[in-house]
Structure formats: C-alpha cells, structure tokens
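My notes follow in the order I looked things up.

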4 protein chains.
Amino acid sequence: MSEKTWAAVATDVKYTEIQELDLPYIESDAGILKIEIVGVCGTDVSYYRNLKEPMILGHHVIGRIYKIGDSASKRWGVKAGDRVAMEEYIPCGQCTSCRSGFYRLCPDTNPSLGGIRYGATPMSVNPALYGGFSQYMYLHPNAVIHKLPDHVPSVEAALILPLSNGFEWMRIIGDVGPGDVVVIQGPGQQGLACALAAKAAGAETVIVTGRNSSQKRLELARELGADYTVNTSSEDLSKRVAEITNGKMADLVIDVTSGGTQPVISSLEVAKTRGTVLLGALKNQLFHEFDLDIIYNKTLTIKGVRGHSYQSVQMAVEFVSSGKFPLSIMNSHNYKLSDTDLALRTAGGEGEPFPLLVTVSPWL
Amino acid sequence: MSEKTWAAVATDVKYTEIQELDLPYIESDAGILKIEIVGVCGTDVSYYRNLKEPMILGHHVIGRIYKIGDSASKRWGVKAGDRVAMEEYIPCGQCTSCRSGFYRLCPDTNPSLGGIRYGATPMSVNPALYGGFSQYMYLHPNAVIHKLPDHVPSVEAALILPLSNGFEWMRIIGDVGPGDVVVIQGPGQQGLACALAAKAAGAETVIVTGRNSSQKRLELARELGADYTVNTSSEDLSKRVAEITNGKMADLVIDVTSGGTQPVISSLEVAKTRGTVLLGALKNQLFHEFDLDIIYNKTLTIKGVRGHSYQSVQMAVEFVSSGKFPLSIMNSHNYKLSDTDLALRTAGGEGEPFPLLVTVSPWL
Amino acid sequence: MSEKTWAAVATDVKYTEIQELDLPYIESDAGILKIEIVGVCGTDVSYYRNLKEPMILGHHVIGRIYKIGDSASKRWGVKAGDRVAMEEYIPCGQCTSCRSGFYRLCPDTNPSLGGIRYGATPMSVNPALYGGFSQYMYLHPNAVIHKLPDHVPSVEAALILPLSNGFEWMRIIGDVGPGDVVVIQGPGQQGLACALAAKAAGAETVIVTGRNSSQKRLELARELGADYTVNTSSEDLSKRVAEITNGKMADLVIDVTSGGTQPVISSLEVAKTRGTVLLGALKNQLFHEFDLDIIYNKTLTIKGVRGHSYQSVQMAVEFVSSGKFPLSIMNSHNYKLSDTDLALRTAGGEGEPFPLLVTVSPWL
Amino acid sequence: MSEKTWAAVATDVKYTEIQELDLPYIESDAGILKIEIVGVCGTDVSYYRNLKEPMILGHHVIGRIYKIGDSASKRWGVKAGDRVAMEEYIPCGQCTSCRSGFYRLCPDTNPSLGGIRYGATPMSVNPALYGGFSQYMYLHPNAVIHKLPDHVPSVEAALILPLSNGFEWMRIIGDVGPGDVVVIQGPGQQGLACALAAKAAGAETVIVTGRNSSQKRLELARELGADYTVNTSSEDLSKRVAEITNGKMADLVIDVTSGGTQPVISSLEVAKTRGTVLLGALKNQLFHEFDLDIIYNKTLTIKGVRGHSYQSVQMAVEFVSSGKFPLSIMNSHNYKLSDTDLALRTAGGEGEPFPLLVTVSPWL
C-alpha cells in the first residue's frame, strides 16, 4: 500500500479542498519533498481567482528531501534528510534558453506554452503533486533545488524566492553597489525584497515609496533597512528625491507597484542622467500622453525584469543563512494547511488585515 | 599685421555672410586649424533655421594643424602640419563627467547650459572662430582632437563624426557582434552610419528601414553593406523581420527616424525576447495608447543614446583609415565656402535633391 | 534484426579497427545521427596515443538526424533529416554549472571525473556509439545540437567547433571589436580559428605568429584574412608589433602554441597597458626566472580559456553559413573511414605533410 | 606682503625640515587648501628613503578650501570654506587616458615620466606647495577634488584614498557583491581597506591573511568586519579556505603583501574555478619553478591593479560619510607637523610600534 499525503487542492475558483493523495513511485532521477513551509505569492492568488483546472497551488517551497533517486542525488548534490529551497521552475535543461543560463525562459516551464512549474500544474499531470499547499511534493527530474542550512528559521526561508527576485533585479541586472541611490516604488513583498537586496549589495541610499494605504508597509521597509520612505499620496516624489540626494537623483529606480501608470512616469523623472529604470510589474493598461523623449534626453536605460537565475537564488539562500537582517519581522500570518483558503484570501487582501507575508505550514 | 581668414558667418535666420576675420594670437595651450572639409549635420540646419546670435556653424571638421602651442602639442600628441579630425565638444576636463569618461555630458560643452562647442558658439565668444564654415578654426585648449592619416579621402574623413555615433551606439552601447541581427529604422546619415558600424562589428544581418520617400537611401544602404532593406510604407516590418530571421527577430533595434511615434512602437515589436531597443532621436510628440507592458513581457532593454566617446571616434578614424568600406559612394554634394547657404538648405531638404552627404570646402 | 554501422574503433594505442556494430533502440529523448564528416582535433590525437580503453574517437561531428524520439525532437528543435553540428559535450543540464550557462564545466561531461563526451567515451558505456569515426553516432538525451543549413560545404562545417573556440575566446571572452589590435601566437587550427573570429568581430589588425616550421600555415593565415604574420624564429615580436601599431601595442594577445614558455613571456610584452593576454594551451612545464611584475606594472588581465558556450557555437554556425570567408582553403586532407589511422597520424604530424585540417568521411 | 605657511620639506634622504614658505598668488583656475590632516602612505615612506630632490611629501590630504578662483570654483563645484578630500593625481584632462576616464594613467601625473602629483613634486616646480606635510597646499588647476561633509572625523577622512583603492579593486574591478567569498592577502592599510570595501559591497565571506608578525593587524581586520583571518605562518591557507567555504573556494583573491612570491602562488591555489586573482603590489623578484598551467586549468582571471578612479574615491567619501563602519579604531598614531620625520619612520616600521594608520596634523 502506497504512502499518502494530504494536500489542499484548488478545485474551483477561489476554493481549495483537502484531499488525500498517493505518493508516487520514484525513479532514479526524481524524488519526494517533505514540505516544511510555503510562502504565498501574488501569482498564487491570481491562479486561485482564475482557476481553469484543478491543481495544487503554492511555489515558495521549503522542505526536506524525503526520498531521492541515486541519479538525482548526484545531480542536485543533496541526499535524503537534507533541507532545501525549491525554485518554481521545472526547465528542460537542454533547450537554447537552458543552455544559455536563462532557464527561466524555457518553454517547458511556462504554463502558457503548455509547460509545467510548481504551483501551476494541473492535477492531470502525473504525479499531480506539483504544489506547495501539501505535506509532500514531487521532485521532478528537472527541478531546481538549493541546499539550505538547518539553522534558518522557517519563515525567513519562505522569503528566499522573493529575495531571489530582489537580488536578480538589484544586483545582477541593476548592478547596485556602494554609493548608489535606489528608489523602490511599491512596498509589497517584491519591493521589500528589493530594499533588502539593495542594502545587502551596499546601496548608499534606499528610498521606498507607497501610498496612504501602505503606511504600515513603509514602516516595515524602514525597519528592514530602507533609509527613507515617501508617501506618494501626499509628497512630491521628485522633490523628495532631489532633497535627499542633494540633486543627484537616483541611479536605479524600480516599479513594482501593482497598478497605475503614474509610478512609471515618476520613475523616469527621479532617475538621474544615465540612470536605470526597471519595470518589474505588468500595468495592464495603456499610457496616454506619454512623453518618451525623457529617455532620450537623459539617456536612460529602461529594462523589463522577470524572475530569477540560479545565482540570485543562491545569493538569497546565503543572505537568509547569514542572519544579518531582521527578516523575521516580515512574518505576519502563518496558516495551517486546512486554512489554505484563508491564507490565499489574506494574501489577496480579502482576508485578515495587513498581509505582509503569508505562509502555510503542512498541519491540518 | 595679423593673418586673416574668410568665414561664412550665420548672421541671421537662414542666412550666412562671408566675412574676413583675424586669426587670434595663440597661447601655449591652444592652436589654429587650417580647415580641409566640413560635413553638414542636421544640427547645423537646426541652428541655421533658428539662429539666436551670429555664429560660424559647422562641426564635422577635418583639417591640418596650422599653429600650435607647445603645451597643446604635447597634450594632443600632434604638431603643425598634422592632419586631424575634430570632435565638436570643448569639455573642461576637470568636472565629474569629464573625470568619468563622459565628457560629452560636461556642462562646459553644452550650449543650453551656457557652454560652448564647435559650430554652436556665438561670435561674441573670443576668438569667434568656433565653426567649420571657415578657412581656419580656433583650437581651444579643451578641444578634442584625433590624428588622421594622410591617405584618407576628404569626403570619407567628413563622415568620421556620424560614424562615431554609429560605433558608439552599435558597438560600445549596443555590443553588436558576430551572429547578431540588427534593425535600423531611418536611412539618414545616422542610420547609414549605424549600418556601417554594425557590419564592421560583425553583425550577421543588418536590416535598414525607410518609407517610400527614402528609397534612394535604402538603395545606398544596401550598397554600403546592409543585408536587407524594408519599405515600411508598403511592407509589414514585423512580418519581414520574422521571415528574414526565421522567427528569431532582432537582437538590437535603433530608431533614428526624425519623426513619428510609429517607429518606436514597431521597434519594440521586432525586438526579440531579451533584445535591446535604442532611441537615437527626439520624437517631440506624445505617445497615445502606448502599451508599455511589451517591455516587461519580453524583458526588453530600452536605452536613449546621444553622442560619442573618445573610443568611438577613434574607431571611426580607424574605420575610414582602413579603406575597407566604399564610403565615397555616400558623397553626393560638395560646396565651396561661398555656397554655405546652399549647402545648409540642401542638407535641410530645401536645396538640391537627395542630400545623402553634404560637405563644404574652404574655397570662395 | 537491428541495423548496423561500421565504426573505426580505437582498440589499442595508435590503432583503430573497423568494426560492425548495432544501432541502438532509441527512447523518446534520444536519437541517432548519420555522420557526414568529422574533423580531427588535437585531442583525438592525444587519446589515440594514450588510449586506456577501447573507444570511438572523433568529436567535430557534422551529420543528419537519422532517428529521433518525440521528446528529443521538441527539445532540440530538429527532426529526422535535419542537418546538424554536434558539440562534444554531454552535460546533465541540472547541476550548478549547467544551470549557470557553463555546461562545459559539468562533471557529467568531464571524462577525468567519470563523465562522458563524444570522442572520449569507452565502448563499455552503452550504446558505445559515442564517436565520430563511424557511420552513425548515438544522440544522447543530453547532447548539445545546433541546426545547420544545407548549403554549407562539408569541410567548412567540420570547422565549426574550432571556430566556436575562436568566437568564445576572441569575441565572448576577449571582447574583440572594431579598432582592436589582436596578436595570435600559434598558427594551428585554434590559432587560425581565432584569426578568423577576430576579423569577423571587426578587429582592425590581426597579427599571427609562428616559427620557421610553420611558414606554410602563416601563409594560410594571411589568405584567411590576418593582416600581418611574424616569424618568431627570426623576428623580434615586440619590435614588429610596435612598428605595425605605431607603438600602440596589442589590445588582446592569445597564446595557443603547443609548447614552450617563451610565447607566454612575449605575449605579456606585446600587450599594451590595460591589455589582455589569454592562455589557451597547457604548457606542461615550469617557468623559470618569471617576472610577474609586468602584470602589475601594465595592469594587464591574464585569463585561462578553455572550450566554448552555446552562443559561440551558434556564432560559428552562422559564420560558416554566411559563406563570407574562404574557409575551404583550410581543407588539406580528407580521409575515408577505413583510413582513420592515417588521418590521426597525419593530424599528429606523423603522417602526410602539412596537416592544416584533417577530416574523415564515413566511406570504407 | 604675502601670506606664509609652515611646511615639513624633505630636504635630504630620511630628513625633513620645517620651512616657512610663501603662499602663491592664485589665478582664476586654481586655489589654496588649508590642510586639516594628512595620512601617511607607503609611497611617502619610499620617497622619504630615496629622496632625489627636495619636496613636500604627503598626499592623503584632507582640508578646507582657503582661496579659490572663480573658474576653479565652478569646475570643482566647491567654494571657500568647503571641506574636501584630495586625490594625489594632477592629470591634464585632455589626453587619451584622461578622455577615457583613466586619468590615473595620464603622463602629466606620473613623476617617472616628468609629471607631477601631490606628495611627489620637487620644490623647484612652482609654487612648491605640492605636499600634505604643510599647513597649506596649492590647488593646481588640474587637481581632482571631492567635497566632504563636515561631520566626518578627521582620522576617518584620512582613510579616504586607501579606501578608494579598496573600492576600485573590490567593487569596480573585482565586482564583489552578495554571496562572494573574498580572500585578502596582507593586512596592511591596503588590505584592511579592501576588507572594508568588500564587506561594504556585500561580500558574504571575507578572509584576511597575515603572518606571525601581523597578528595585531589581523585582530583589527576582524574588528573591522572580516569574517575570518588566517595566520599563514602556521596554517595551511588552501585547507582553511576549503573548510570555511565548504570546498567552494574563493571568488576573488587579492595579493597586497609587500614581499615574497608565495602569496601569489597561494592566491592562485585558493581561487575557485573561474575565479579572479588581483595583483595589487610589486614583488620586485623573479618567480622560480612557476606553474602557470593552473591559470589555464581553472580558467582563472589574473589582473594587475593600481590606483583609483573618480568613482571609487566618491564611493570612499560616501562610505566614511555614512559612519557605518568603526573606522576610528584604525587610528593609531597622530603626529604634529614638526614630528613629520617620526611619522614617516613609524609608517615605515622604524619608529613607534604597530603603525596601523599614521597621520600628521598641521600643528607645530
């Protein structure tokens, strides 16, 4: 008789159901993870609200190797019992993107191209256990796995993937370092991760912006190390950045606000001549009366940024392992597996108030 | 009695007048250039049409050192009789921009900040001889000078500054090299220079676009080495680029068209995922219904590009010195100094037809 | 009854034997290549001379897909009948090196770490057909495959892997471009490939060096586009480079000579201040009285370079596909499969004279 | 009657003499600095011991603008009374090196090429006041000046130039950032500055090495933030680095030891595959039995590093201004101007014991 796992299967729009599922038989190149904690991401909320097929959501997954084949053990450099942080990607490893170090662009891991990834794979794909809201998860032969030291607190470990984006965008793409002025628009999980990564990379001045509704998060940004916060509902951002920097303005600006075109426009304004503006979020709306000449006049660089690389996840693992930053203060809401619906609603702003970080633990 | 020079002084809007002017006394750190040829630039036309103060226009200047002080000779590494190509910039050499290798951003060389540069300095600034439409030009202590071999034909030498932009944008900023697909929107002097520089840097495929009105220039682009040209008045650019590249699309796109927002939009379309789009011209108009999400979705890089560096001018000097490209076919109209007005009108599209390259030689 | 292939199996030191072998059954993620031509590499000669176990040598392999599984077809983007160029590497795709774009460092493809690669895998590893001196070769699920147009002549296609090293070292690592002076020490296959790649990337001046014994190859270097050659048996290299470059010296120098410490020392000498010296060959001997302070005094960069990346092989494929360079003049000796021993001896300098490029075609 | 200054003029080998000198008349493009403190550098000691001509030594200079011409004020962006940190370089601003952002290579600022710089210019060059061991110093039109906030303690400000080297080598050249392992060989002023800069840039692990004789400095390194120190007189460095990094070894290694070839050899050993080794000090001796193949085998990058850029000095200014590191603990010996000889002997290891940082203040 095979072993079982409980999982919170999203079976309908905005609805999960605890189901008992079989653990699969494992080939030499695969494994099974015993889940320790899973962070809830905005993408999970989006899938939850627009569910097309039953699936197990959740992809910021931390756990321990429960079973592992010999070949997988060798490739991934881990053995049963090891604690690991998972990436959401399941890339083929053999296509042009994979061969070039950009596996996050591999079609095999892009659900909209028929690929699969953790937290976004239908139950119809065997062995179904492709999501973190569960006690166990399948380790696909193409999974991307990072070893994690035992001493890192669970809730800090759950931040590894958001932090990976922060390191990818701030350090690897943005090349932030000592002396730099960085403006981060949007104090959500991505924005706070960027603030942490920018400070960790030596940024001189980190300024986080938010509106009236996000004052609690701006406060948290300051506790996490941001040098300044600006309330864009009441303050003139350009003026504030000019004051703070003695007119130097920002070397790097990132827009990770969920909505509106205004943050993009103010990002272009506060960037210095030869500065860089990163676009880290879809706007889903058209720009009207948009003056593109500012890019030419200030010879700005604008870059769209999405996802992380092996290197940036590794930076995030080492960052949380170092214990240098007070990450635990980001933890606000931890739920048990049987409360996955509440966790998802809270992360989406429809559940308990002030969701800074929402996690689910595999208890019923 | 001091020596004299004839110069075509722009004294009023769209009007130059031949004047006899004194050659200045030269300190140890300065010099005088005997002009050989000067290329007419779009910027000259713009100053000509909107003249605020009398000045000598012309800044794509080739000549020979006529007089030079000891200190200048040592600094610039040239002596009397040497043939040189001039940059238009007269940067201080001591400010933050100058100290960082970006002297093109030095306030001292920006006329709109009260600075001076060749071809854009009022007669009231001593010793007045700051323009190329003249027999002699003042070599300011802060002039930027490149030695030029004797064998280079004058009309090819007159292309050095446009080519410098081409090398700066294609090679130094765009990092074009073997295997790359480059799309150049706009077959003017800048676009053709970009095409030459991209091919010189090893680009696999160079595609130049233009409208019905610029078919002669597209033909010239092909003669200069462009692999394909596309008439955007009648062809679908995205479809053509997809055909030409087997769906790979463009690694680098540059918009150097003088007008319209459409070329920017099609540039974003033909760039591949992780591709780069350079904006090399002011649009002077707002974008309506602009979809910025394409930058995020394809993780594009957009960059404003302006002017050249010491390195790119040096590349251009070596390029014309190599004689590898049939640059002389770009020459279409050479005028004598007393025809400077006609030269400027032709370059502006109001004189003789099909101005591909307009030059002025210092003969009366 | 299974299909068969003839292969020249290296069964003893300096000895190959034609054997008839079975073609394997192919899973969904693998395939079989029908070989068209294989270039002989110095590494093949080295294995041939020091054979430890029976194996099929040969890894510069060009052929057509003979059989292919569905999954492999999708991953590699090729189908039966397609012409392809093979890399020698068979990397796992899942380890840290693979995930970072450096699959050439994957332990799975390093024979000295127990890994396998084409041309260096014992017959005892199933299905044995891991070498190019054969009519058919096994396409392992982890093979790295590049599509190749039909019009490229076979002997030019056989140069793709050496050219890949040239593009990796000159363009990707050395960043060669317009205006650069490049000195290439050693006119063997690697050196000539570097010369071609440097010119393709726009190098202004390419200087290839060799000794008395390699005058024929220096001549070939000039025919392939090198601007200068220097006979280091009779000429002072530093003096010659100074003359050629007007004292500027070399931006980039590479040592791909097979022996001796002198080329390294002269490479450091001819590099300009802030120049780069690439070390592309093992010396297998110690340096005596070595003055390292030249690296500090001229703030040089020294880099060891080995192998190629996906990007550089792609550049090489596009380079040979463009037909821009007279590559066919490199072809000197083509052998049939039953003459594999002669081919290997010739490539090693013990067979027919002046081996510039040695290839084997799958005829008996 | 002109104003006067006291200065400690080095008039003979290992001998300075307090002299009263005239302050010069200042043109529009120059100025005079009132000195606040000057740090003693190893270069000062070297000049002191090998004096060829009388000169005022000292070039790590902090002070306030005492007089300044209008033109200089505009270029440098400072006015009388402003506090500034000086670079030692006095570059022309107009040569190829200056135009390319590498003014530290300008011949005008290289004494061995007949140039001048602070702390290394004979009294015979007008107006003689080119050194920091004085009450006032001449601000040459080509001086490189950085504004400094008032709140920075003098002794910390005196560290700006050594820290600039640290930032240049660790961040700008070495690209140190989050996750990196850095080994610094030699705990002198340069080594400690590298340790500080590496940590400021986010290095995960900084390991500083020294011999028995430098245990006090290793202790200081730990207080300044180094994660580990290794006594190379008694410990096996490779073994220690392997232990500390779990076999990962070092991303970046720098040798700033004053003597011996062994640190270079161990640097190559502890660098990881694809790692970088910086050579930051002259060895002044030949290497015997040197195995260069390690560079090829591990595809290492070796770079000579010397001096700083405008950007790195600016990083150092912002670093000391931030007050984030306990720099004041580096201060060990402060002398008055009349004790300049003792200061120089101490810095050279011949005066008071344990010189970690030696400074001179302009009091008699």
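**Entry 1: chain A against chain C**

I started with polar contacts. Across the interface of chain A and chain C I found eight residue pairs in polar contact, both residues at pLDDT 80 or more. I note here that the model is predicted. On the chain A side, α2 (70–76), α3 (96–99) and α11 (310–322) each supply at least two residues. I sorted that side by class: 10 nonpolar, seven polar and four charged residues.

I then looked for salt bridges between chain A and chain C, and the rule gave two. One of them joins the side chains of C:K74 and A:D108, at 3.6 Å from N to O.

Next came the extent of the contact. Chain A gives 21 residues and chain C gives 21 residues. The buried area is about 1,700 Å², and carbon and sulfur atoms give 43% of it. In chain A, the residues that lose the most area to chain C are A:R75, A:Q94 and A:R99. Together they make up 44% of what that side buries.

**Entry 2: chain A against chain B**

How many residues does each chain bring to the contact? Chain A brings 31 residues and chain B brings 31 residues. About 2,900 Å² is buried between chain A and chain B, with 62% from carbon and sulfur atoms. A:L292, A:Y296 and A:R306 lose the most area on the chain A side, together 23% of what that side buries.

I searched for salt bridges across the interface of chain A and chain B and got zero. Polar contacts are present: 17 residue pairs, with both residues at pLDDT 80 or more. On the chain A side, β13 (271–279), α10 (293–297) and β14 (301–304) are the elements that give two or more residues. By class, I recorded 15 nonpolar, nine polar and seven charged residues on that side.

I also checked for strand pairing between the two chains. β14(A) pairs with strand β13 (residues 301–304) of chain B. The sense is antiparallel, over three bridges. I picked out one bridge: A:K303 has B:T301 in β13(B) as its partner.

**Entry 3: A:T346**

Is A:T346 buried or exposed? A:T346 is buried, because its relative accessible area is 0%, under the 20% cut-off. Its side chain has a polar atom 3.0 Å from the backbone nitrogen of A:E352. Leaving out residues up to four places away in sequence, I listed what A:T346 touches: A:H333, A:Y335, A:G351, A:E352, A:P355 and A:V358.

I kept one background point in mind: most residues other than glycine have a negative phi, and most peptide bonds are trans.

In chain B, the bond from B:N126 to B:P127 is cis, with omega near -5°. B:P127 sits in the loop between α3 (96–99) and β6 (136–139) of chain B. In chain C, a cis peptide bond joins C:N126 and C:P127, with omega about -5°. C:P127 sits in the loop between α3 (96–99) and β7 (136–139) of chain C.

I then looked at positive phi values. B:M249 is not a glycine, yet its phi is about 70°. B:M249 lies in the loop between α8 (237–244) and β11 (250–255) of chain B. I logged B:M249 as buried, at 14% relative accessibility. C:R274 also has a positive phi, near 70°. C:R274 is in strand β13 (residues 271–279) of chain C. With a relative accessible area of 40%, C:R274 is partly exposed.

Methods
Residues numbered from 1 in each chain as written. Chains lettered and ligands numbered in written order. Heavy atoms only, no water. Contact = heavy atoms within 4.5 Å. Buried area = accessible area lost by both parts, 1.4 Å probe. Salt bridge = Lys/Arg side-chain N within 4 Å of Asp/Glu carboxyl O. Polar contact = N/O pair within 3.5 Å; in protein donor to acceptor, adjacent residues only side chain to side chain. Helix = DSSP H or I, 4+ residues; strand = E, 2+ residues; numbered from the N terminus. Nonpolar A, V, L, I, M, F, W, Y, C, P; charged D, E, K, R; others polar. Pairing = 2+ DSSP bridges. Buried < 20%, exposed > 50% of the residue type's maximum accessible area, 1.4 Å probe, protein only.
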